[in-house]
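Trainee: I would like to learn how to read a model such as this one. Please take me through it feature by feature.

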Amino acid sequence: MDTADYLLKLERDMTGGFLHLLVLDHVHRLGPIHGYGLIKAMEESTGSQDKWKEGTVYPLLALLEREGLLKSRWGKPTEGPRRRYYEITPAGREVRELAVMKWHRLRRNLDKILERDG
Amino acid sequence: MSAIIEDYLRAVRRQISHLPLKEQSAVMAEIETHLKTETKRLRGTEKELSADEAALRATHAFGDPKELGVAYGAGGGVVNRTTGQVLLDVAILTSRAAGRGVRGTLKWTGIVAAAAVGVAVLLLLVGLVFAGVVLNIFQDDIRESIPRPLYDYSGTWAQTSPYSDTVTDSFQVREGVREFQIAFRVNPASITGPGCLARIVLTAPDGTTAYDSGATCTTTHQTRTLSQKGTWTIQYTYVAYAGSVSVEAMYYQDVRQA
C-alpha cells in the first residue's frame, strides 16, 4: 500500500471512529432531519464525500435510536417519498455534551503530545 | 424504478433477513428513498449521466449489501465502536437514573395489565396445542414445501471502454434436496458506446449446460427448476459498458427420501 492509500485509510478510520458523535451533533443542530439530509449535511460540514459509505449512517441511526439517544417518526404521505425523520432525545443531548467535553480533552492531550514530538 | 436499484435492494433484503419483518420493511423503505433521491440529484447535477449510470453511482456510494447486513447485526457491526461505546455507556447510566422515578407510578397499572395478559396466554396455549397436533400430521409436507437458500450472487459492472472479464463460481446440491429453483437476472445499462454483452452459463455436475443466457444486450429474467446432485458451476461473463447481474437459488428438502 503506498503512502497516499495509507493516508486515505487512516483518515477513514479516524472519521469512522467519531461517526457516532458526528451523527449526534448534526441531529442535535439540524433535527428533525431525515437520513438523506443528514448524510448530505455531514458530507458538507466535513468537506468530503468519501470518508464513509453512506449506508453506514442508517444502521448507526437505528442503533442510536435503540439506545434512546434519538427518536424517529415517519413523514406524512403528503410530504413526498417515505422518509424517517430523526431528532435527539434529552438523553442524547446529555451524551452529546459529555462526548464533546471528552473530545476536547482528548484533542488537547493529543496536541500536547504531537507538539512535544515536533 | 431502475433495475439496478431493484437488484441492489434485493441483495440488501437478503442480508437483513435476520431482522424482524417490520424492521426489514422500515430499513428497505429508507434505503429505497435514499437511492432514488440520490439518483435524481446526480442526474440533476451531471446532465450526461444516464439513469442507470446514476443508479450505479448511488448504489456504489451506499456500500456493499453484505457490509450493511453486518452493520444491522446485533453488535452494531462495522461502525467503529471505540468512541461509540463511551457514548453508549453514559447513555445507559442516564436512562437507569430516570427509570427509578417512573417505576412507582406504573405499579398498579402493571397488576391490572398482568391479569389481562394471563387470560390471553391461556387462550394462546390452547391454540398452540391444537396447532401442534395439525403440524405433526402434515410435518413432512410442510418441511418439503419450505424454500431454503442455496446460492446467491450479485454483481455490477461499469466501464468506459470495451473490456471482457469472466467470473466463475460454484455451489453444491447435496443428497436430500428434492429440487431447487434458480433465478437469473441480467440488466444491461443504457448503452454509452458500441456493443453491450453479458452472459451467464450454468453447467450441471454431469457437464451438460443447464442454462445459457447467450450473449445478450437485453434485460433477462429467467427461472429454472433443476434437481441434479453434485457441484454446479456458474460462469459470468462481463463484456463492455455497464449493468448488473444477480442469481438466486432456493432448494426444497426431500424429507421422505429412504
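Trainee: Which residues are linked in a network of salt bridges?

Mentor: Start with the rule. A salt bridge is a side-chain nitrogen of Lys or Arg within 4 Å of a carboxyl oxygen of Asp or Glu. Here the network links Lys40(A), Glu43(A), Glu54(A), Glu38(B) and Arg41(B). Over all chains, the whole structure holds 14 salt bridges.

Trainee: What should I know about the model and its numbering?

Mentor: This is a predicted model, in which local features need pLDDT of at least 70 and side-chain atom pairs count only at pLDDT 80 or more, while totals for chains, interfaces and linings use all residues. Residues are numbered from 1 along each chain as its sequence is written, chains are lettered from A and ligands numbered from 1 in the order in which they are written, and side-chain values use heavy atoms, with hydrogens and water left out.

Trainee: Which residue forms a salt bridge with Arg84(A)?

Mentor: Glu30(B) does, with the closest N and O atoms 3.3 Å apart. Now place the partners. Helices (H or I, at least four residues) and strands (E, at least two) are DSSP runs, numbered from the N terminus. Glu30(B) sits in helix α2 of chain B and Arg84(A) in strand β3 of chain A, so this pair joins two chains.

Trainee: Are Glu30(B) and Arg84(A) buried or exposed?

Mentor: Use the cut-offs. Buried means under 20% relative accessible area, exposed over 50%, and partly exposed in between (1.4 Å probe, protein chains only). Glu30(B) and Arg84(A) are both buried.

Trainee: Which salt bridge does Lys36(B) form?

Mentor: Lys36(B) pairs with Glu32(B), at 2.8 Å from N to O. The two are four residues apart in helix α2 of chain B, so about one helical turn separates them. Glu32(B) is partly exposed at 24% relative accessible area, and Lys36(B) is partly exposed at 39%.

Trainee: Where does His34(B) lie?

Mentor: In helix α2 of chain B. His34(B) is buried, with a relative accessible area of 1%.

Trainee: Which side chain makes a polar contact of 2.7 Å with His34(B)?

Mentor: Definition before case. A polar contact is a pair of N or O atoms within 3.5 Å; within protein, one must be able to donate a hydrogen and the other to accept it, and residues adjacent in sequence count only if both atoms are side-chain atoms. The partner of His34(B) is Tyr58(A). Contact in general means heavy atoms within 4.5 Å. Not counting residues up to four places away in sequence, His34(B) touches Tyr36(A), Ile39(A), Glu54(A), Tyr58(A) and Phe62(B).

Trainee: Which members of the largest nonpolar core touch the most other members?

Mentor: A nonpolar core is a set of buried Ala, Val, Leu, Ile, Met, Phe, Trp, Tyr and Cys residues joined through side-chain atoms within 4.5 Å. In the largest, of 42 residues, Val23(A) and Val27(A) touch the most other members. Elements giving two or more residues come from chain A and chain B, including α2 (19-30) of chain A and α2 (21-45) of chain B. The most comes from α4(A), with seven residues.

Trainee: And what does Val23(A) touch?

Mentor: Leaving out residues up to four places away in sequence, Val23(A) touches Leu38(A), Met42(A), Val57(A), Leu60(A), Leu61(A) and Leu64(A). Apart from this core lies another, of 22 residues, among them Tyr151(B) and Trp232(B).

Trainee: How many helices and strands does chain B have?

Mentor: Chain B has six helices and eight strands. From the N terminus, the order is α-α-α-α-α-α-β-β-β-β-β-β-β-β. Of its 258 residues, 37% count as buried.

Trainee: Where does Glu179(B) lie?

Mentor: In strand β3 (residues 177-188) of chain B. Its side chain meets that of Arg178(B) in a salt bridge, 3.9 Å from N to O. Arg178(B) is partly exposed at 32% relative accessibility, and Glu179(B) at 25%. Glu179(B) and Gln253(B) are 74 residues apart in sequence and 7.4 Å apart in space, C-alpha to C-alpha. Beyond four places in sequence, Glu179(B) contacts Thr225(B), Leu226(B), Ser227(B), Tyr251(B) and Tyr252(B).
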